[in-house]
Number of protein chains: 2
Amino acid sequence: MEIRKGPGLRALPSMTLLRELTDQIVLDTVFEQTPVTRAEIAQHTGISKTTVSESARRLEAAGLLLPAGEQRGRQGRVGTYYQVAPTAGYVVAVDLNPTRIRLCAADLFGHPFQQSALPPAQPREPARVAERLRELVADAVTEAGSDHGRLLAVAVSVANPVDPATSRVIPLADTPYPEGLIQPQETLADLVEAPILVENDVNLAAVAERWHGAARTTDSFAYVYIGAGMGMGLVVGDQLIRGARGVAGEIGYLSVSSQPAGPGLGRHGFARAVAGGFHPERGQDGGQDGDQVAVDVARQVFDRAARGEAEAQAVVEREGRTIGEAIAAVCAVIDPEVVLLGGPIGLHPALLEPVRAAVRDLAPLPPAIEVGTLGDTAVLHGALALALRRARTDLCARPGPASR
Amino acid sequence: MEIRKGPGLRALPSMTLLRELTDQIVLDTVFEQTPVTRAEIAQHTGISKTTVSESARRLEAAGLLLPAGEQRGRQGRVGTYYQVAPTAGYVVAVDLNPTRIRLCAADLFGHPFQQSALPPAQPREPARVAERLRELVADAVTEAGSDHGRLLAVAVSVANPVDPATSRVIPLADTPYPEGLIQPQETLADLVEAPILVENDVNLAAVAERWHGAARTTDSFAYVYIGAGMGMGLVVGDQLIRGARGVAGEIGYLSVSSQPAGPGLGRHGFARAVAGGFHPERGQDGGQDGDQVAVDVARQVFDRAARGEAEAQAVVEREGRTIGEAIAAVCAVIDPEVVLLGGPIGLHPALLEPVRAAVRDLAPLPPAIEVGTLGDTAVLHGALALALRRARTDLCARPGPASR
DNA sequence: TTAGTTAGGAAGGGGTCCTGACCAAAGATT
DNA sequence: AATCTTTGGTCAGGACCCCTTCCTAACTAA
């Protein structure tokens, strides 16, 4: 998963460019296959043995690699295994959502060594939320101490769109959560040296499914989240599509047949259709505490349908078709190889077949439709993946603390 | 505009990589600012003077650069201007569409030096069309002779989707043009050495608008073509989005309010709505010769509306809204910075305001909506741009004929 | 005429990668 | 047990690329 670099930073040809490229490849190889000997790295990458050795020496001197035992059992000289040093650095991922704030610190392999959470601040004001965020991150950093090296990246997940140019959170006019009004980059700026990455939660869930989940084998898919709110994360050619202003994937605005667009009624066509389908009286204007209610109502409908109530079954059928329509629209626009369903409502098994049928019926070239496999940890995993990606690429560009 | 490289071809660090990078940057600079001296290149790129000189020497030896006069009028030593050699190579672009086959040969600056066209073969059979294509390309190559160096790339535009993995044309089941049944790569394989690029016509029109047209200043936009057929070209982060199976941008399948999706009726929702709006009796099943008719009918409606006929004005208004709905759907999915309208129908000025109003009303964050500026030459220009991009990047990787 | 300025080249240094030879040690073979 | 083969790692040498520094030629400005 690449996060596009700005075209401004065009790398000039130079010796250091070459060296960093080599180091990056060697380090990546060690990440991929741990532990590994120099000779294996050379064979796997195609780089000559001597160059690999040289690079490994640099990386060890920089504190990024460590010898890890001996390769025995085969003929010939005993090789020395290498691994990434446990003190090479660590990353922090934060999921900032209306229900709670969750944090996860992990080493560069993505193995978490620390997790914590806080319930939402009371009263729920932006300043309070910001304070809690600071608190949680500060605690994590002090607790990590220097056992894991230095902090290399922080990724924060938010429920709002994020401006891709500035990484600023875009407040939503219609559902102003206090969590959506704080700017993590400003909030944490004086607390951490590392780069602070901010990204939308559904996008991050998509990233997670790409790394560990159901989209491991494809580089072009859409992750459709349907819960109290809805959204979509889009990965095309292994790149996360964020849109010019960060609102790519706002599929709640799609028009669908049961909620056709009309003057003043068109906004949230799809979102209204889904919410209205489950709960005709409410629509989408539930407000903050209504969110859980929306999911609960949907669950009740699913339960009634499972018990055989014809009316509820019809609702499920219709909802599946509505979702299928939205997915078909997405397919007509960007043609993903796979579409994953996620979120408390989207994951419900009763929905899958109706959705598939509708997409089959409507999409030009229907994609595979599957369900996400990561559940509600997807967001945090995605933030972790984002931070990791950044940390790993930064490692070689700026040699570790040992070399300064 | 980048056409994504496969991740398999990961460049290994090496001296030649460095050299090729330098040469590419130098050559690109000469393309950008012709004529230019070595010193200017050095200053502009940040590469040292000696390195630039060395690179220029290589490129001149390879026949890619030529001295072009002297830099006078300022203090100091007289500099020698350099330009790209006229014999460095050339590219060929072909627009293969049901109306005619057009060809354009151009030097590496994109200046055409040869243009030709053939009317469609009669009878219109795939074998005949293929023969005409071969004929046209063969003529172009012989006529180009060696005045322009060797042929470096051929780009062929087709009205069908193209599989991004194999570059094969995907036949359309519902409108089987004979042009859509031939595979340019196979047809031309024994005729040309150069790589043969095949791409969808609307995608290429989008590429053209990015290079020379209305999208010069943005790297994320959608080009919506509405004529007899309809389609969309999508550029995100300066990359052309082709979709997993090449059918990204098939917006004819979008569901819109005036043509809601329903069992067996949902396919071509948007396409049907547009066609049906102008010509209620026909729908979209016009067949081959019906295409021009569809455009003519639309034109008549526009004319009647211009003369003040209320009914026709209402049709235009409704059509604009329908198109706006489709664009809003696109915005909800990928959030382009700009949306360009193109095609004989889409370009009509009477449509612009209704479309804008509808998008303003329906899209989450409405983009700028403009009209394409390249008219019906857009496709050929786009093919040219595609071929040029490929040719220019290949130039340095494989040194010119002089060095073999 | 003289001083300042500029494009290009030459020399030398530092760095990176590669090839091929070499070495030492472990397992395999006899 | 002795020898052979294999193998990871190092060493030496060479090719190549880029950079800094200095130099020169040629032009303009005064």
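**Strands, then surface**

Mentor: Ala105(B) stands opposite Gln114(B) in β6(B). Keep in mind that this is a predicted model.

Trainee: How many bridges join β5(B) to β6(B), and which way do they run?

Mentor: There are 6 bridges between β5(B) and strand β6 (residues 112–118) of chain B, and the two run antiparallel. They form a hairpin with 4 residues between them. In that turn, Gly110(B) has a positive phi of about 85 degrees.

Trainee: And what about β4(B), how many bridges join it to β5(B)?

Mentor: Strand β4 (residues 90–96) of chain B is joined to β5(B) by 7 bridges, again antiparallel. β4(B) and β5(B) also form a hairpin, with 4 residues between them.

Trainee: Which residue stands opposite Arg102(B)?

Mentor: Asp95(B).

Trainee: Is β5(B) buried or exposed?

Mentor: Buried: this holds for 7 of the 7 residues in strand β5 (residues 101–107) of chain B, so the strand is largely enclosed by the rest of the structure. Both of its faces are covered. Ile101(B), Leu103(B), Ala105(B) and Asp107(B) lie on one side, with Arg102(B), Cys104(B) and Ala106(B) on the other.

Trainee: There's a 3-strand sheet in chain B too. What is its order?

Mentor: The order is β1-β3-β2, an open sheet with antiparallel pairing. The edge strands are β1 (36–37) and β2 (65–71) of chain B, each pairing on one side only.

Trainee: How many bridges are there between β1(B) and β3(B)?

Mentor: β1(B) pairs with strand β3 (residues 79–84) of chain B over 2 bridges, in the antiparallel sense. Val36(B) has Tyr82(B) in β3(B) as its bridge partner.

Trainee: What holds strands like these together, in general?

Mentor: Strands of a sheet pair through backbone hydrogen bonds, and the pairing is either parallel or antiparallel.

Trainee: Now the surface. Which residues gather in the patch of negative charge?

Mentor: Glu131(A), Glu135(A), Asp139(A) and Glu143(A). Of these, Glu131(A) is in helix α4 (residues 126–144) of chain A.

Trainee: Why does Glu131(A) count as partly exposed?

Mentor: Because its relative accessibility is 44%, and partly exposed covers the range between the buried cut-off, under 20%, and the exposed one, over 50%.

Trainee: And where is Glu353(A)?

Mentor: Glu353(A) is in helix α11 (residues 349–362) of chain A. With a relative accessible area of 45%, Glu353(A) is partly exposed.

Trainee: How far apart are Glu353(A) and Ile369(A)?

Mentor: They are 16 residues apart in sequence, and 9.4 Å apart in space, C-alpha to C-alpha.

Definitions and conventions
Residues numbered from 1 in each chain as written. Chains lettered and ligands numbered in written order. Predicted model: local features only at pLDDT ≥ 70, side-chain atom pairs only at ≥ 80, totals over all residues. Heavy atoms only, no water. Patch = residues over 30% accessible without salt bridge, like charges linked within 9 Å, V, L, I, M, F, W, Y side chains within 5 Å. Areas by Shrake-Rupley, 256 points an atom, 1.4 Å probe, with all protein chains shown as cover. Salt bridge = Lys/Arg side-chain N within 4 Å of Asp/Glu carboxyl O. Lys, Arg positive; Asp, Glu negative; His and termini not counted. Charge placed at Lys NZ, Arg CZ, Asp CG, Glu CD. Buried < 20%, exposed > 50% of the residue type's maximum accessible area, 1.4 Å probe, protein only. Pairing = 2+ DSSP bridges.
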